[in-house]
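Biologist: Please take a close look at one part of this model, and tell me how its pieces pair and what packs against them.

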Amino acid sequence: MKRITECRICRNKGIKEFFNLGDQPFANSLLKNPDEKENFYPLSLSWCPDCNLVQLNHTADPKELFSDYVWVTATSKTAKEHAVNFYKEILSRTKDLKRGYVLEVASNDGTFLIPFIKNNYKVLGVDPAKNIVDMAIKEGVPTICGFFGEELAMEIIKEHGHAKVIFARNVLPHVANIHDFVKGLRECLEDDGLLVLEVHYAKKIFEELHYDSIYHEHLCYFTLKSIEKLLNQYGLFVFDIEKSPISGGSLIFYIRKKKTEEKPIVQSYREIEKEIKLNELSSWEDFAKKAYSHREELLKILNDLKKEGKAIVGYGASARSSTLLNFCGIDNKFISMIADQNPLKQGFYTAGTHLLIDSPEKVMEKKPDYVFILAWNFTDEITDILKKRFNYTGKCIIPLPNSPKIISV
Ligand SMILES: [Zn+2]
C-alpha cells in the first residue's frame, strides 16, 4: 500500500487530509471461513488545493484488488434496464455507428454491451477479472482480459482500429494510473468519436453523506471541476451530462475530442458546484464531522433494537456495505446474516466484520423483525422482493442517504 505525496490529477504537493475512516480490509475480499487471517489497510481522504480533487491517500496494488472480482453486473434488474437506456442515449449522440465498433472498458459480464449486440452493432469489452471475462465470452460478448491503458489501447487499435464509441462505467475513479488510462482512451477513440464516462458524483456523496462509497478501490471522487481538469489535459471535453439511474448518485459525462457546442447543463453544473462550495476544503471537513455523527446515530438505533431483542438481518453485501459495516463496527452482535442474490458471494463471510452471506431464501428463513438494507441504493427493488417473494411484513432499516430511517414495507 503506497501513500501518495501529490495530487493524482494535477500533481500538487500540498494535498490536505480531512477524513480518516481507520484501517479497513479490502471491501471485496470476502472470506471462506470467519477465522481466516486478513489484512487491514489505511482508508483516508485528502483534498487538493489546486484542482480540488477529493482522493484516497493510499493506493493498493490493483492486481490484489481486482483480479478475482465477484460483483457481476447482471445480477441487478435495475442495471439491465439501465443498459437499454444507456444504449439508446449513446445511439442518439452517434452517427454511422454501424461502420465502427463500441468499446467498453471494464465491461464486467458484458451486460451493457448486450443491447448493442442485439441490434447488430460490433462491440468489444475489456476487463481485468479472468473469471468474469470467461463468463462474458460464454454469453457471446467478445472480451479481452487485461488492464486498460495506453499499451492495451495500442494493441486494440492494431487489431480492431479506432473505436467510434468508448464507454467506461464506474471505472475511472478506480484507476491508479489515471493519466495512462485517459491517454489510452484518447488514443483509442476516433477523432469524431464519443467517449462516455459514468462516475459516482462527489456532489451526491457530499450532500447525501455517501461515506459508504469510500473504499480502497475508489481512489478519486470527482466533481465536474476536477474531471474537466483531468480530461482537458488530454484534449478531451465534456459537452453533455446526465444523471445515472443507478449507483445512488452517478453522473454520465459525454465527451468529445473537440470542443463542440456544449449543452447548457454543463455550465449549470459548474455554477451549482460554486454555489454550494463543493470544491472547498471546509465543506469536506463538515462532511467528515457529519459522517462521525451518522455512525453514532446508527449504532444507537441498532443498540436499542438489540436491547428489545429484535432479530436483524442484512440485505446486499456490496463493496459499499463493507465500509459502512467496518466504519461503524457492525458485526454479528447486531446482524445475524446478510442476504445477497449473487451466488458467487453466498457462503462467504464479509471482510472485517465476518457476517455470513447467503441467499435471500436462506436468510429470510430467520424470520427477522428488521431487514437492514445495506445496498440502500436498491431499496425499492429490495423491498419489492421482500414483499412479493417473502410476504415480509416487518420493518427495514435504511442507513443512508443522510440520517438512518426505519420504514415498513
Ligand atoms: Zn490536484
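Modeller: Two strands count as paired if DSSP finds at least two bridges between them. Strands here are DSSP runs of E, at least two residues long, and helices are runs of H or I, at least four long, each numbered from the N terminus. The model is predicted, so local features need pLDDT of at least 70 and side-chain atom pairs count only at pLDDT 80 or more, whereas totals for chains, interfaces and linings use all residues. Residue numbers start from 1 along each chain as its sequence is written.

The part I take is an open sheet of four strands, ordered S2-S3-S4-S11, with antiparallel pairing. Its edges are S2 (16-24) and S11 (220-221), each of which pairs on one side only. S11 is joined by two bridges to S4 (residues 54-56), and the two run antiparallel.

For another packing in the model, take H5 (residues 150-160) and H6 (residues 178-188), whose axes are 7 Å apart at an angle of about 15°. H5 and H6 are therefore roughly parallel (under 35 degrees). Among the H5 residues that meet H6 are Leu152 and Ile156, and the H6 side includes Lys183 and Gly184.

Notes. Axes are lines fitted to C-alpha atoms, for helices over the stretch in contact, and angles run from 0 to 180 degrees between N-to-C directions. Angles under 35 degrees count as roughly parallel, over 145 as roughly antiparallel, 65 to 115 as roughly perpendicular and the rest as oblique. Two residues are in contact if their C-beta atoms, placed from the backbone, lie within 7 Å.
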